[in-house]
Amino acid sequence: MSGFDLHNIGKLVRSLRKQRGLTQAVLAEQTGIDIATLSKIENGHAMPKQSTLKSLLEKLWFDPGDTMPLFLSAKETRFNELKQKIIGCGDMQDPKNLEKLSSFLDEAEKDAELYEDDFNRQFILNVRAATLKFPANLAINTSWSRDGLTEEEIIKEKESFSFSAEVAAKLDKAIELYCEAMKITIPAFEIEKVEEYYLSVQELDIVGNLGNSYYIKGENDLAVDLYKRLEKSIDSDYRGSAFIKAHYSRIVANLCNHLLYSYRYEDVVEYANKGLEKSVQLNLPMIPILAYFKGLAMLHIIYKENGAYDVPKAEEAKMILRDAYHGCRLIGRVSTQRHIEQIFAKWLKTKVDGTPLKDERK
């Protein structure tokens, strides 16, 4: 622990707690630490045990592996190095990357000292499940989820689509691993009761992957239900910490996405509006993404009502999509920018700024 004294550690914990908008009482309750002990830590009168410090930093949404390596044991340092290799493998659509990722996971699983740690094992299972889910993702991306299909074409391809037995078995195994990973930290975990749990960042990621897995299996109603209960849970008063609120906009964006898959456009607008209002109030991320979902759903509704996209009623939707486009540029969401460009080109026959498309035949 050389380089950090009691006062510096206390200042770090106190600063992070205030940034998250938490009182000492709330943080003490969330971490199971006596409030008197927490006060002593913050005031530099007590040195927390490593397990206590790790718990505090996790609840304060801070990864000690990023900038505080002196807090880590040799085992934790070794795992963080391996974790960075795993994260750095890149796009899983490249078979070479997938092969590297699998080898790093094998290495982690064979290290008994690393694998006995609950947090480490949960992370490894989550990534392992993603590698098993990938073939199913790839299959739908080259079928009914590919760009350029009309809604009618998507529905038709979905009806005739099926996975190979091998891919289906891998997807089922991925779902099994996601549930196993959750039960490491929440032994009584049941997906049907997700609103009853206080989830960490890592757990939220795993639950999100479960929702995506249900969608891939053709059980999108389960994914919608999952995200609706998560949204309701996080929005409730008793879960009002800044830590969990920071993920509210992400949850709503995922919910809107799954509602779009079910063609429930009015519900998309309703939840996008709710997400936008709260995100603006709390200065949360994902505002351009939520605006994109709202504008896209509005255009779908307009088309169903009018049989055309470019009608006077579409002006508000176009304005929202333009704002989303520029917002996505600022936050680096290139893929969403491209989707918006495609919407304007395909449906509205213009560029995003409203200028006509060039006639490529000339």
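When I say that two residues touch, or are in contact, I mean that heavy atoms of the two lie within 4.5 Å. Please also keep in mind that what we are looking at is a predicted model.

With that word settled, let me begin with Val 207, which, leaving aside residues up to four places away in sequence, touches Met 182, Phe 189, Ile 191, Val 194, Leu 199, Leu 226 and Leu 230. Val 207 is also one of the residues with the most contacts inside the largest nonpolar core, and it is listed there together with Leu 199 and Leu 299. That core has 70 residues, and its largest share, eleven residues, comes from helix α17, which covers residues 287-306. Apart from it there is a second, separate core of 15 residues, and this one includes Ile 9, Leu 16, Ala 28 and Ile 41.

Let me stay for a moment with helix α12, residues 201-216, where we find Glu 203. Is Glu 203 buried or exposed? Its relative accessibility is 7%, and because buried means under 20%, Glu 203 counts as buried. As for its surroundings, and again not counting residues up to four places away in sequence, Glu 203 touches Gln 122, Met 182, Thr 185, Ile 186 and Tyr 198.

I turn now to the aromatic rings, of which the structure holds eight pairs. In one of them, Phe 161 and Phe 163, the ring centres are 5.0 Å apart and the planes stand at 85°, so this pair is edge-to-face. Phe 161 itself counts as partly exposed, at 23% relative accessibility. The pair of Tyr 303 and Tyr 309, by contrast, has its centres 4.5 Å apart and its planes at 20°, so here the rings are stacked. Within that pair, Tyr 303 is partly exposed at 36% relative accessibility, whereas Tyr 309, at 14%, counts as buried.

Ring pairs also link Trp 144, Phe 161, Phe 163, Tyr 215 and Tyr 261 into a cluster.

My last topic is charge pairing. Side chains of opposite charge can pair when their charged atoms come close. The structure holds 17 salt bridges, and I will go through three of them. The closest N and O atoms of Arg 121 and Asp 118 are 3.1 Å apart, and because these residues are three apart in helix α9, residues 118-141, about one helical turn separates them. Glu 176 and Lys 173, with their closest N and O atoms 3.2 Å apart, are likewise three residues apart, this time in helix α11, residues 165-185, and so they too are separated by about one helical turn. Both Glu 176, at 44%, and Lys 173, at 35%, are partly exposed.

What does the salt bridge between Glu 157 and Arg 146 link? Its closest N and O atoms are 3.0 Å apart, and it links distant parts of the chain, with Glu 157 in helix α10, residues 151-160, and Arg 146 eleven residues away in the loop between α9 and α10. Glu 157 is partly exposed at 23%, as is Arg 146 at 34%.

How values were computed: Residues numbered from 1 in each chain as written. Predicted model: local features only at pLDDT ≥ 70, side-chain atom pairs only at ≥ 80, totals over all residues. Heavy atoms only, no water. Phe/Tyr/Trp six-rings, centres within 6.5 Å; stacked < 30°, edge-to-face > 60°. Buried < 20%, exposed > 50% of the residue type's maximum accessible area, 1.4 Å probe, protein only. Core = buried A, V, L, I, M, F, W, Y, C linked by side-chain atoms within 4.5 Å. Helix = DSSP H or I, 4+ residues; strand = E, 2+ residues; numbered from the N terminus. Salt bridge = Lys/Arg side-chain N within 4 Å of Asp/Glu carboxyl O.
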